[in-house]
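User: I would like to learn how to read the packing features of a model. Can we go through them one at a time?

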Amino acid sequence: MYQKLLAKAEELDWSCWEDEHGGVELGKHSPAGEDFSFYVGNKENLAEEAREYADDFDIEEHVRELLNAKANGFAGVPDLKTLAEDADDIKGMLDELADALEETECEGGGEQ
């Protein structure tokens, strides 16, 4: 099932990097060009952890972190309006990924 979930993520243009500890990092460029990624600690729970990450993603916190990085000299951070729109788009990307993974998992009938 895990390979089907990875294939679905890649179909949605997410890159996937597995590590030696049984986890996977998923990454994708946001519409404004942010190199966005998040880590799933147990690849066997990929759909569940992607849903948790999507549900917990805080748009305001994401924007605040990038504004702090910009204030500390991090180059390439866009203006506030662009950041807010992009963070909203990232939330949409995460929801789309979680929905697709859950759907794929249900179609798989729980196979391993």
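**Aromatic pairs and packing**

Analyst: This is a predicted model. The structure holds four aromatic pairs.

User: How is the pair of W14 and F38 arranged, in centre distance and in angle between the planes?

Analyst: Look at two values, the ring centres and the planes. Planes over 60 degrees apart count as edge-to-face. W14 and F38 are an edge-to-face pair, at 5.9 Å centre to centre and 85 degrees between the planes. The pair links distant parts of the chain, 24 residues apart. W14 sits in the loop between α1 (2-11) and β1 (15-18), while F38 belongs to strand β3 (residues 35-40).

User: Are W14 and F38 buried or exposed?

Analyst: W14 is buried, and so is F38.

User: Why is the pair of F36 and Y53 called tilted?

Analyst: The angle decides. Planes under 30 degrees apart count as stacked, over 60 as edge-to-face, and the rest as tilted. The planes of F36 and Y53 stand at 55 degrees, with ring centres 6.3 Å apart, so this pair is tilted. F36 is in strand β3 and Y53 in helix α2 (residues 46-56), so the pair ties together parts 17 residues apart in sequence.

User: How accessible are F36 and Y53?

Analyst: Buried means under 20% relative accessible area. F36 has 3% relative accessibility, so F36 counts as buried. Y53 has a relative accessible area of 30% and is partly exposed.

User: Which residues form the aromatic cluster?

Analyst: One cluster is made up of W14, F36, F38, Y53 and F57.

User: How many residues are in the largest nonpolar core, and which have the most contacts inside it?

Analyst: Read a core by its members, then by the elements that supply them. The largest nonpolar core has 25 residues. W14, V24, L26, F38, L46, L94 and L97 have the most contacts inside it. At least two residues come from each of α1, β2, β3, α2 and α4. The largest share, seven residues, is from α4.

User: What does V24 touch?

Analyst: Leave out residues up to four places away in sequence. The contacts of V24 then include Y2, L6, W17, F38, Y39 and L46. There is also a second, separate core of five residues, V63, L66, L83 and A87 among them.

User: Where is D95, and what does D95 touch?

Analyst: D95 is in helix α4. Its relative accessibility is 24%, so D95 counts as partly exposed. Beyond four places in sequence, D95 touches R51 and A54. D95 and V77 are 18 residues apart in sequence, with their C-alpha atoms 24 Å apart.

User: Last, the largest pocket. How much space lies in it, and which residues are closest to its centre?

Analyst: Take the volume, then the lining. The largest pocket holds about 210 Å³ of space. It is lined by 13 residues, with E34, L66, G76, V77 and P78 closest to its centre. Two or more lining residues come from α3 (59-71), and likewise from α4. The largest share of the lining, three residues, comes from α3.

Notes:
Residues are numbered from 1 along each chain as its sequence is written. This is a predicted model: local features need pLDDT of at least 70, side-chain atom pairs count only at pLDDT 80 or more; totals for chains, interfaces and linings use all residues. Side-chain values use heavy atoms; hydrogens and water are left out. Rings of Phe, Tyr and Trp (its six-membered ring) pair if their centres lie within 6.5 Å; planes under 30 degrees apart count as stacked, over 60 as edge-to-face and the rest as tilted. Helices (H or I, at least four residues) and strands (E, at least two) are DSSP runs, numbered from the N terminus. Buried means under 20% relative accessible area, exposed over 50%, partly exposed in between (1.4 Å probe, protein chains only). A nonpolar core is a set of buried Ala, Val, Leu, Ile, Met, Phe, Trp, Tyr and Cys residues joined through side-chain atoms within 4.5 Å. Contact means heavy atoms within 4.5 Å. On a 1 Å grid over the protein atoms alone, a cavity is a set of points where a 1.4 Å probe fits but cannot get out, and a pocket is an open set with protein on both sides within 12 Å along at least five of seven lines; lining residues have an atom within 4 Å of a point. Grid points are joined across faces, edges and corners, and a volume is the space filled by probe spheres set on the points.
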